[in-house]
There are 2 protein chains.
Amino acid sequence: MKIPEYIDVEAAHERIRSVIHKTPVFTCSALNKKTKAELYFKCENFQRVGAFKFRGASNAVMQLTEEEKQKGVATHSSGNHGAALALAAKLNNVPSTIVVPINAPTIKKEAISEFGGRIMICEPTLKDREDTLQIVVDQEDATVIHPYNNFNVIAGQGTCAKEFLEEVSNLDIVMTPVGGGGLLAGTALSVKAISPKTKVIAAEPKNADDAYRSFKDGVLYPSVNPQTIADGLLTSVGEINFEIIKEKVDDIMTVSEESIVDAMRMIWERMNIIIEPSSAVPLAAVLENEAIFAGKKVGIILTGGNLNLEKLPFKSKFPTS
Amino acid sequence: MKIPEYIDVEAAHERIRSVIHKTPVFTCSALNKKTKAELYFKCENFQRVGAFKFRGASNAVMQLTEEEKQKGVATHSSGNHGAALALAAKLNNVPSTIVVPINAPTIKKEAISEFGGRIMICEPTLKDREDTLQIVVDQEDATVIHPYNNFNVIAGQGTCAKEFLEEVSNLDIVMTPVGGGGLLAGTALSVKAISPKTKVIAAEPKNADDAYRSFKDGVLYPSVNPQTIADGLLTSVGEINFEIIKEKVDDIMTVSEESIVDAMRMIWERMNIIIEPSSAVPLAAVLENEAIFAGKKVGIILTGGNLNLEKLPFKSKFPTS
């Protein structure tokens, strides 16, 4: 198993710099007051396709051989990786096929299609996703780009924390959510290389705590029946990812669903930016653990902003007039 | 009637520069593709209190005499001006009283209160708003800061377009919505001084078209029973504002309610930022008038981002699963 290092993140950054957005870092005095911490938010919800996933997908596509490029790329995805891979492929004149479960939101399918990806619909089971993907691979000899358990994807995701630390110095802590671990592993590579004294703390929904349990026991557990509003974090941690996480991550915290919704609402209301629920998980951990974060300079990566506007989780706290 | 000029905008900018945010300018390739124009968005939804109103309120408060500061400021407002004045006053150690109609959203009252403003509740009629405000003035000799029909407020709002044109050059058109006309008048002062060949085009809901009718006829009409989702644009144009608008604005366009919601949704979904309905009105005009804007370099001021997340106007376009 080949594990990426920080030098691979640096190479990825050179490779993808001209196609990615250098996303802005926002601060919010109301949230600083609320948390008693000094928070910096790296806004990957403003990345192309609306999520950090475009970094890793671009880094993977740009390293294909000419022959591989002609045959195309494929993946299965119900979320941001599918759209990210479709756009990264299109920009490199590479055909892409995205296997999408039939119950995926229409908006996700539209995004994939708009970015030039071919959609193949499958049943919403992991088995049918993998079987359908295998058909594409068999027929077209396409290269499968896994959403996170992939050397080049991890190196690409690491460019986000690299940009972040190059812009904001002396962070005490850098936080990301953890699902498959692509962003977390890449972030840990960059942080520990650039600023070894900065802690890397991941946050995960209590209802999808495979990364937390795996990290505590040092054994990779699969995600079993996760039920969380943070639908980008349902996946199990990848093997390559776990090797890096075990070695370089300082802690993983779990948070309640209620805290996730509260944190998401605070960011929407106070910062006037749209983030998806998964992006709110680190702020939820800050809210649940004031004593740990108070007085600290904390960098949080806001991972993405894609969600269905018709199904928002905000309920009125007051009688509506 | 004393009418502000660009020199007053310049003085305002020097005065308030250290307390306002220099808001970012965003672009969006998906919206450029959709409109066939080259759009630049000045994000005043990221201004303090979440709206451009903080500029004018600050400029007004900072010019009070010491005696006036001790007596305090007052206004009536169901919207962003109340919160903006409360914060501007607080930052200058000035007491503030905001007269708020009893049916104003709780979130607006919370904002005013959080920024240190004293709230006086009144009935939701213009008469009771003015009567209640008069009580404050009589009792405390407070200075009334009108939300838009005010020399210093207009000069303060003009700093937004000044920043915009200093950052983005060669704009063919600058657009704002128009309600009372504070932002529009200030914008026209700056644009015509900095870049005389740039057109200033305002946009207004068809269902609240007093500015449009006044502009076309050269006579100031009041707003009669306006019914629009763009609740920041219900007010009638002010007299000082109208003098500037008549002279310096190139056109006012009206748009349908449906276009406003479409435009708002596009900005939410494609740019991942939160704007209030009033802010979407200029993009709605671009969408309704493709032939006029195609191929043009267009600057749009996104005026604010304060709205009730529980009452969003987005209806599903698809059967929800």
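Helices (H or I, at least four residues) and strands (E, at least two) are DSSP runs, numbered from the N terminus.

**Ground rules.** I am looking at a predicted model, where local features need pLDDT of at least 70, side-chain atom pairs count only at pLDDT 80 or more, and totals for chains, interfaces and linings use all residues. Residues are numbered from 1 along each chain as its sequence is written, chains are lettered from A and ligands numbered from 1 in the order in which they are written, and side-chain values use heavy atoms, with hydrogens and water left out.

**Entry: chain A as a whole.** I looked up the secondary structure and found 14 helices and 10 strands in chain A. The radius of gyration of chain A is 19 Å, close to the 20 Å from the globule rule for 321 residues, so chain A is as compact as a globular protein of that length. That radius is taken over C-alpha atoms, and the rule is 2.2 Å times the number of residues to the power 0.38. Along the principal axes, the C-alpha atoms of chain A fill a box of roughly 55 × 50 × 40 Å.

**Entry: inside chain A.** How much of chain A is buried? I noted 57% of its 321 residues; buried means under 20% relative accessible area, exposed over 50%, and partly exposed in between (1.4 Å probe, protein chains only). I also checked contacts (heavy atoms within 4.5 Å). Of those in chain A with a separation of 6 or more, 73% join residues 24 or more positions apart.

**Entry: two asparagines.** Most residues other than glycine have a negative phi, and I went looking for exceptions. Asn170(A) has a positive phi of about 60 degrees, and I found it in the loop between helix H8 (151–167) and strand S7 (173–177) of chain A. Asn272(A) also has a positive phi, near 55 degrees; its loop runs between helix H12 (257–271) and helix H13 (281–288) of chain A. Which of them is buried and which is exposed? Asn170(A) is exposed, at 52% relative accessible area, whereas Asn272(A) is buried, at 2%.

**Entry: cysteines.** I searched all chains for disulfides and found zero; a disulfide is a pair of cysteine sulfur atoms within 2.5 Å.
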